[in-house]
Amino acid sequence: MKKKKTKNKFDDINVINTTSSIKLKTFLVIIILFFIALIIRLIFLQFVNGSELQSAARARQTLTETISAKRGTIYDVNGQTLAISYETDKIYIDPTNIKDENKETIAQKLSEILEIDYQELLEKINNNTKRFSVASNVEQNKVEQIKEWKNKLDFSTGIIFEETTSRTYPYNTLASTILGFTNSDNSGAYGIEYSWNSFLSGTAGKSVSLKDASQSEIANSEKSYIAAENGYDLNLTIDVNIQGIIERELATAVDEYECDSGITIAMDPSNGKILAMADYPNFDPNNRNTPNSKLAENWDTLSSEEKSNALLRMWTPKAVTDTYAPGSVFKLITSSIGLEENLVKTDTAGEFNCTGYYYINGEEKPIRCWNWKKPHGKQSLREALEHSCNPAFIELGLRIGAQLSYKYYQAFGLFEKTGISLPGEAIGKFYDLNKINQHELATMSFGEKFTITPIQMISAVSTIANDGVLVQPQLVDKITNTDTGEVTEFKTKEIRQVISKSTTDKVKSMMESVVSEGSGYRVAEQAKGFSIGAKTGTSEPTSSTSKDGYTASFVAISPVENTKIVLLVILKNPKGSLHNGGQIAAPTAGKMFAEILPYMGIESGNKVNETNNNLSESDLY
Ligand SMILES: [Zn+2]
């Protein structure tokens with residue numbers, strides 16, 4: 001029994017020993033496999049995936065805050081503020097964080113400081129289950145008052161502050177189509193705000209600090225800090241005083257002559273700097289979605305698509321985005337080409353003969369002079385320009401020919417965008433050179449059958465005023481790095497010499513005659529005694545654009561020698577009894593000059609211009 005027991009015991013031990021040995025070996029193999037796997041994993045983690053995991057670990061332990069850049073300010077040429085950003089707070093309430101017994105106290109205090117309705121706010125706190133906005137653009141002193149009150153309390157108010165930036169336009173509607181505006185995310189949406197956004201916006205910085213398990217910043221922990229680069233300040237070439245005069249007189253003319261709209265540009269021809277550029281009607285960038293008075297007339301009848309299209313249209317600078325047939329103002333370009341190419345002289349008596357009609361070879365129907373009932377008869381080029389006689393310019397245009405005309409149109413910059421720094425610059429339409437027939441050539445000589453932008457037209461006339469040199473129109477005078485104070489001034493960009501100074505002297509002298517003897521005299525009635533040269537223009541409605549009606553325009557330079565300002569006034573679709581450029585655009589330009597020229601220090605010379613006041617209203621084409 002004992003033996004058996006012992007044997008059994010040994011047997012058991014043997015059995016146990018044998019079993020243990022197998023288990024141990026299996027265990028060891030597993031351990032070894034586990035370690036091999038671990039080593040492989042470590043090698044993988046260390047060499048293959050190390051950097052990614054490191055940054056993931058760091059992200060779990062750090063707090064990154066964006067430091068927003070301040071958007072640059074836009075000034076006029078004299079430093080008047082046209083667009084500026086300021087910090088404001090937006091205030092929210094999270095009702096889930098407020099105990100019932102505190103709701104009335106919070107509604108009471110907020111309504112008192114923010115000057116909002118107590119009952120309305122209390123109802124919102126009682127009824128909302130999510131956070132809601134209480135007030136935007138809250139001034140800093142009010143924010144401080146609320147924060148001070150909040151800090152003294154021993155209960156949760158659920159009041160949340162969010163810092164935001166607001167953009168404001170202190171002059172409201174002034175120069176609105178040039179300035180444009182910013183989106184709610186503070187990026188430029190239209191105008192200069194859009195085209196200069198990369199300079200104005202700056203670059204956001206960031207601050208990275210360590211945080212604890214509760215996700216809050218650990219005090220005195222090491223921080224890495226990348227400062228925000230604030231946006232550049234811009235100084236435009238626009239002068240608010242000139243802009244103000246132009247906008248007021250343009251609005252008066254559009255209303256008085258019952259026009260759809262009007263455009264005016266004033267440019268310094270020596271450097272292309274835009275002194276003013278105006279649209280009427282315009283808009284207030286502080287309330288950009290509010291229709292202007294013209295749009296408001298039938299706003300409620302528009303579909304939502306029509307409304308958004310109308311707003312888009314309201315925001316654009318039409319001097320740059322719209323094209324038009326320049327009409328008789330373009331006779332200045334035809335004159336310049338003819339004189340430069342020695343195809344005509346300014347004062348050869350009887351060089352042209354107006355019978356009231358011009359018959360193109362092979363065509364039965366003649367092109368009429370606007371004054372066909374009282375033909376102009378024999379005229380020199382100067383007289384033809386004074387009278388704005390179409391047959392004389394048809395003859396000159398045919399002498400020049402299509403090839404040469406296009407060579408100069410190209411040189412005057414009419415086939416390409418001016419490159420002015422505004423978004424949406426349009427380009428006009430011309431016939432293909434090889435498809436131009438005599439009829440088209442004839443009408444182009446007096447500014448019909450093709451389109452250009454107003455900014456191209458004034459640039460071409462500025463070329464005449466600037467001794468024949470075309471310069472690029474310029475809207476931004478200088479930019480300032482607000483972090484370093486470094487100022488970058490933009491130089492005049494000369495494009496090319498288009499015509500000679502001797503030619504431009506002749507054209508300017510004829511422009512002076514247009515004011516003293518011809519259809520432009522009404523500018524001098526308003527701006528008495530100043531040295532002014534000009535040309536009138538009236539584009540007729542064509543069958544395809546008849547709904548657009550007439551376009552009355554007027555271009556003027558002052559002084560004639562050493563010209564300091566070129567002014568282009570365009571009035572669209574006048575529906576009153578007067579519709580010619582000389583009748584309505586010339587006196588408008590005169591009223592503008594009467595204030596702008598003295599402001600610019602241009603002296604009147606105290607001579608009253610001898611003007612030919614025997615002209616009738618219908619002579620002012
Ligand atoms: Zn004529």
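Predicted model: local features only at pLDDT ≥ 70, side-chain atom pairs only at ≥ 80, totals over all residues.
Figure 1. T73 is found in the loop that joins strand β1 (62-67) to strand β2 (74-75). Because its relative accessibility is 3%, and buried means under 20%, T73 counts as buried. When residues up to four places away in sequence are not counted, T73 touches T81, A83, I84, R167, Y232, D233 and L234. One of these residues, R167, is the subject of the next view.

**Figure 2. R167 and its polar contacts.** R167 belongs to strand β5. With a relative accessible area of 10%, R167 is buried. Two contacts of its side chain are shown: the side chain of R167 reaches the backbone oxygen of G72 at 2.8 Å, and it makes a polar contact with the side chain of S85 at 2.9 Å. R167 and R71 are 96 residues apart along the chain, and their C-alpha atoms are separated by 8.7 Å. Leaving aside neighbours within four places in sequence, the residues in contact with R167 are R71, G72, T73, I74, A83, I84, S85, T182, E193, L200 and N286.

**Figure 3. Helix α3 and the elements that cover it.** Helix α3 (residues 103-114) consists of 12 residues. From its first C-alpha to its last, helix α3 reaches 16 Å, close to the 16 Å expected at 1.5 Å a residue. Its buried residues are K103, I106, A107, L110, S111, I113 and L114. The cover over these buried residues includes strands β3 (81-93), β4 (132-138) and β5 (159-168), together with helices α4 (118-127) and α5 (140-152). Just after α3, E115 takes a positive phi of about 55°.

**Figure 4. The largest nonpolar core, viewed around I192.** This core contains 89 residues, and I192 and M277 are the members that touch the most others. Helix α15 (residues 390-411) supplies the largest share of the core, with 9 residues. Apart from this core lies another, of 37 residues, among them I245, I246, A266 and A556. With neighbours within four places in sequence left aside, I192 is in contact with I74, I178, L179, G180, N197, L200, L234, L236, S421, L422, L475 and V476.

**Figure 5. The zinc ion and its four donor atoms.** The zinc ion is coordinated by the SG atoms of C354, C369 and C389 and by the ND1 atom of H376, at 2.1 to 2.4 Å. The angles among the 4 donor atoms are 101 to 118°, and the site is tetrahedral. For comparison, the ideal angle for four tetrahedral donors is 109.5 degrees. In sequence, the donor residues follow the spacing C-x14-C-x6-H-x12-C. Among them, C354 in strand β11 (residues 352-354) and H376 in the loop between β13 (367-368) and β14 (377-379) are 22 residues apart, and this pair links distant parts of the chain. Both C354 and H376 are buried.

**Figure 6. S553 and the residues it touches.** S553 is located in strand β20 (residues 551-558). Its relative accessibility is 1%, and S553 therefore counts as buried. Not counting residues up to four places away in sequence, S553 touches P326, V329, T536, G537, V569, I570, G581 and A585.

Notes:
Residues numbered from 1 in each chain as written. Heavy atoms only, no water. Donors = N, O, S within 2.8 Å, 3.2 Å for Na, K, Ca; no water. Tetrahedral: all angles 85-135°; square planar, octahedral: opposite > 155°, others 65-115°. Helix = DSSP H or I, 4+ residues; strand = E, 2+ residues; numbered from the N terminus. Buried < 20%, exposed > 50% of the residue type's maximum accessible area, 1.4 Å probe, protein only. Core = buried A, V, L, I, M, F, W, Y, C linked by side-chain atoms within 4.5 Å. Contact = heavy atoms within 4.5 Å. Expected span 1.5 Å × (residues − 1). Polar contact = N/O pair within 3.5 Å; in protein donor to acceptor, adjacent residues only side chain to side chain.
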